[in-house]
Amino acid sequence: MKILSYNPGHDGAFAYVEEGRLVFSIEAEKSSKYRHSSLSVLDAFDALAELHAVPDVLCEGGWWPGDSPRVGEAAADYRGSDQVIVSKKRFLGKTIDFFSSSHERSHLLCAFGMSNVPKGTPCYALLWEGIIGAFYGIDAELNVSPR
């Protein structure tokens with residue numbers, strides 16, 4: 001499975017994962033030297049230049065509604081522990097899967113994925129990020145709910 005993920009706005013970045021292995025990451029802050037930078041057109045061309053094939057899935061990180069790079073796009077918002085968008089998109093001449101998860105949910109599942117808790121094991125998580133400070137349950141199917 002080839003997955004190209006991006007966050008166009010605040011702390012913009014591209015990440016490309018193939019068969020569960022990170023192949024590359026392009027971060028706008030490193031390119032521009034400015035904190036909280038959005039992705040630029042040059043960052044997008046750099047990411048496309050690294051691809052050897054069309055990805056199977058395109059993922060967009062959730063952020064504040066109305067954030068300028070997202071106007072007119074169907075992407076998840078900042079808040080929402082259960083907010084997920086799944087659809088199809090055209091990308092480089094092919095129809096591929098599109099996935100977007102809220103910023104809140106993404107932080108929780110990223111922490112779960114990097115932990116040593118085996119998949120399918122229910123657990124609890126504390127998220128303290130930005131304006132969010134809350135406690136959550138993650139069930140065996142990776143559904144997230146506030147506690």
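**Exercise 1. Find the strand that holds Pro-146, and decide whether this residue is buried or exposed.**

Solution. 
- Step 1: Pro-146 belongs to strand β9, which covers residues 144-146. Keep in mind that you are looking at a predicted model.
- Step 2: The relative accessible area of Pro-146 is 57%.
- Step 3: Exposed means over 50%, so Pro-146, at 57%, is exposed.
- Step 4: Now look for its contacts. Setting aside residues up to four places away in sequence, Pro-146 touches Ser-81, Phe-135 and Tyr-136.
- Step 5: Ala-125 is 21 residues from Pro-146 along the chain, and their C-alpha atoms are 9.5 Å apart.

**Exercise 2. Work out how β6 pairs with β4 and with β5.**

Solution. 
- Step 1: Begin with β4 (57-61) and β6 (94-101). These two strands run parallel and share 5 bridges.
- Step 2: Turn to β5, residues 84-91, which pairs with β6 in the antiparallel sense over 8 bridges. Here Lys-89 has Ile-96 of β6 as its bridge partner.
- Step 3: Follow the chain from β5 to β6. The two strands form a hairpin with 2 residues between them, and Leu-92 has a positive phi near 50 degrees.

**Exercise 3. Identify the residues that touch the most other members of the largest nonpolar core.**

Solution. 
- Step 1: In soluble globular proteins, nonpolar side chains tend to be buried together.
- Step 2: The largest nonpolar core has 15 residues, and those touching the most other members are Leu-4, Tyr-6, Phe-14, Phe-24, Leu-51, Leu-58 and Phe-91.
- Step 3: Strands β1, β2, β3 and β6 each give this core at least two residues.
- Step 4: Zoom in on Phe-24. Beyond its neighbours within four places in sequence, its contacts are Leu-4, Phe-14, Ala-15, Tyr-16, Ala-47, Glu-50 and Leu-51.
- Step 5: There is also a second, separate core of 11 residues; Tyr-78, Cys-123, Tyr-136 and Ile-138 are among them.

**Exercise 4. Describe the largest pocket and its lining.**

Solution. 
- Step 1: The largest pocket holds about 1,200 Å³ of space.
- Step 2: Its lining counts 37 residues, and Ser-5, Gly-61, Ser-106, His-107 and Cys-110 lie nearest the centre.
- Step 3: Sort the lining by type: 18 residues are nonpolar, 14 polar and 5 charged.
- Step 4: Trace where they come from. β1, β2, β4, β6 and α3 each supply at least two lining residues, and α3 gives the most, with 9.

Technical notes. Residues numbered from 1 in each chain as written. Predicted model: local features only at pLDDT ≥ 70, side-chain atom pairs only at ≥ 80, totals over all residues. Heavy atoms only, no water. 1 Å grid on protein atoms, 1.4 Å probe; cavity = no way out; pocket = protein on both sides within 12 Å on 5 of 7 lines; lining within 4 Å. Points joined across faces, edges and corners; volume = space filled by probe spheres on them. Helix = DSSP H or I, 4+ residues; strand = E, 2+ residues; numbered from the N terminus. Nonpolar A, V, L, I, M, F, W, Y, C, P; charged D, E, K, R; others polar. Core = buried A, V, L, I, M, F, W, Y, C linked by side-chain atoms within 4.5 Å. Buried < 20%, exposed > 50% of the residue type's maximum accessible area, 1.4 Å probe, protein only. Contact = heavy atoms within 4.5 Å. Pairing = 2+ DSSP bridges.
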